[in-house]
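Here are a few friendly notes to read beside the structure. Take them one at a time, and find each residue on screen as you go.

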Amino acid sequence: MDIKEIRNRAREAARGSCRVCAVCDGTACAGEVPGMGGAGAGLSFRRNVEALAALRLKTRLVHQVRHPEMSVEILGLTLSLPLLIAPIGGLAFNLGGALSEADYQEAVVAGATRAGILAGTPDGAPPEVMETGLACARRHGGRALAFIKPWAVSEIIQKMEMAAEAGCRVVACDLDSIGLITLRQMGRPAYAKDARELAEIAGAAHRLGLKFVLKGLMSREDALAGLEAGVDGLVVSNHGGRVLDGTPGTAEVL
């Protein structure tokens with residue numbers, strides 16, 4: 001099977017929710033949230049692609065390296081490559097049910113585990129989104145990064161306990177889902193957290209023996225606030241441009 005046939009089959013399976021473009025830049029699906037697109041005119045989605053494409057690779061060819069070693073230790077975990085897979089959930093309403101939540105999460109978590117890298121498991125308004133991801137993590141020795149939406153602090157701590165029971169060693173809160181229209185439509189809007197709340201969440205994670213990562217930072221001020229609150233890692237992200245139009249590209253901010 002060649003790449004053209006793979007794309008055709010994927011396009012048919014996606015039932016119009018994703019056009020399976022040769023270059024995934026958010027143009028064809030702009031404004032389709034719920035769906036696969038970016039918010040508004042899709043400018044933030046496209047800027048993410050453009051900012052990454054603007055980076056240039058510097059080659060170094062005078063050396064003695066024969067077998068490059070790509071493994072790295074991140075948050076106490078050894079990865080074969082410095083690569084994490086972002087959490088994607090809500091397949092029923094974002095991809096028109098082309099894949100079940102269980103099938104997608106199993107494919108991603110199992111594939112990442114075999115490759116020696118780390119997949120993120122998602123959270124969402126329906127409880128089964130996180131429950132399905134954690135079930136996959138449990139089957140694969142807790143080898144996953146469990147993401148939790150910025151709900152009330154008490155609910156975040158409860159879900160961190162669920163992640164710890166599934167064997168996960170790292171949890172994350174994706175603050176960049178604040179304002180995501182799909183959550184509001186389902187009656188579960190997410191809200192910003194102040195420094196005191198972040199410190200409470202990070203402290204609870206550490207008491208559970210977990211590392212705590214804050215995802216969704218797009219400013220130096222928020223990054224410093226996260227560090228002061230005691231988080232173990234920061235992820236620059238605008239939620240794929242799916243929440244707010246008009247932001248810079250993430251590679252530019254990084």
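1. Let's begin with a charged pair: Lys-159 and Asp-123 form a salt bridge, and their closest N and O atoms are 2.8 Å apart. Lys-159 belongs to helix α6 (residues 153-165), while Asp-123 sits in the loop between β4 (118-121) and α5 (127-139), so the pair ties together parts that are 36 residues apart in sequence. Both Lys-159 and Asp-123 are buried. Please keep in mind that this is a predicted model.

2. A second pair to look up is Lys-215 and Asp-176, whose side chains meet in a salt bridge of 2.8 Å, N to O. Here strand β7 supplies Lys-215 and the loop between β6 (170-174) and α7 supplies Asp-176, so parts that are 39 residues apart in sequence are tied together. Again, both Lys-215 and Asp-176 are buried.

3. How many salt bridges does the structure hold? The count is eight. One of them links Arg-19 to Glu-32, with 2.7 Å between the closest N and O atoms. Both partners lie in the loop between α1 and α2, so this pair ties together parts that are 13 residues apart in sequence. Arg-19 counts as partly exposed at 31% relative accessibility, and Glu-32 counts as partly exposed at 26%.

4. Now for the spaces in the model. The second largest pocket has a volume of about 440 Å³. It is lined by 23 residues, and those closest to its centre are Leu-175, Asp-176, Gly-216, Met-218 and Asp-222. Two or more lining residues come from each of α8 (195-207), β7 (211-217) and α9 (220-228). By type, the lining has twelve nonpolar, seven polar and four charged residues.

5. A search of the whole structure finds one cavity of 30 Å³ or more. The volume of the largest cavity is about 40 Å³. Its lining consists of Ser-177, Gly-179, Leu-180, Leu-183, Arg-184, Pro-189 and Ala-190, which divide into four nonpolar, two polar and one charged. Ala-190 is in the loop between α7 (181-185) and α8, and with a relative accessible area of 6% it is buried.

6. Some backbone angles deserve a look. Most residues other than glycine have a negative phi, and most peptide bonds are trans. The peptide bond from Val-33 to Pro-34, however, is cis, with omega near 0°; Pro-34 lies in the loop between α1 and α2 (43-53). Leu-75 has a positive phi, near 55°, and is found in the loop between β1 (72-74) and β2 (77-79). His-239 also has a positive phi, about 60°, in the loop between β8 (233-236) and α10 (250-253). Are these two residues buried or exposed? Leu-75 counts as partly exposed, at 23% relative accessibility, whereas His-239 is buried, at 13%.

7. Finally, turn to the surface. Met-1, Ile-3 and Ile-6 form a nonpolar patch there, with about 310 Å² of accessible area together. Met-1 comes in the segment before α1 (3-14) and is exposed, with a relative accessible area of 60%.

Key: Residues numbered from 1 in each chain as written. Predicted model: local features only at pLDDT ≥ 70, side-chain atom pairs only at ≥ 80, totals over all residues. Heavy atoms only, no water. Patch = residues over 30% accessible without salt bridge, like charges linked within 9 Å, V, L, I, M, F, W, Y side chains within 5 Å. Areas by Shrake-Rupley, 256 points an atom, 1.4 Å probe, with all protein chains shown as cover. Salt bridge = Lys/Arg side-chain N within 4 Å of Asp/Glu carboxyl O. Helix = DSSP H or I, 4+ residues; strand = E, 2+ residues; numbered from the N terminus. Buried < 20%, exposed > 50% of the residue type's maximum accessible area, 1.4 Å probe, protein only. 1 Å grid on protein atoms, 1.4 Å probe; cavity = no way out; pocket = protein on both sides within 12 Å on 5 of 7 lines; lining within 4 Å. Points joined across faces, edges and corners; volume = space filled by probe spheres on them. Nonpolar A, V, L, I, M, F, W, Y, C, P; charged D, E, K, R; others polar.
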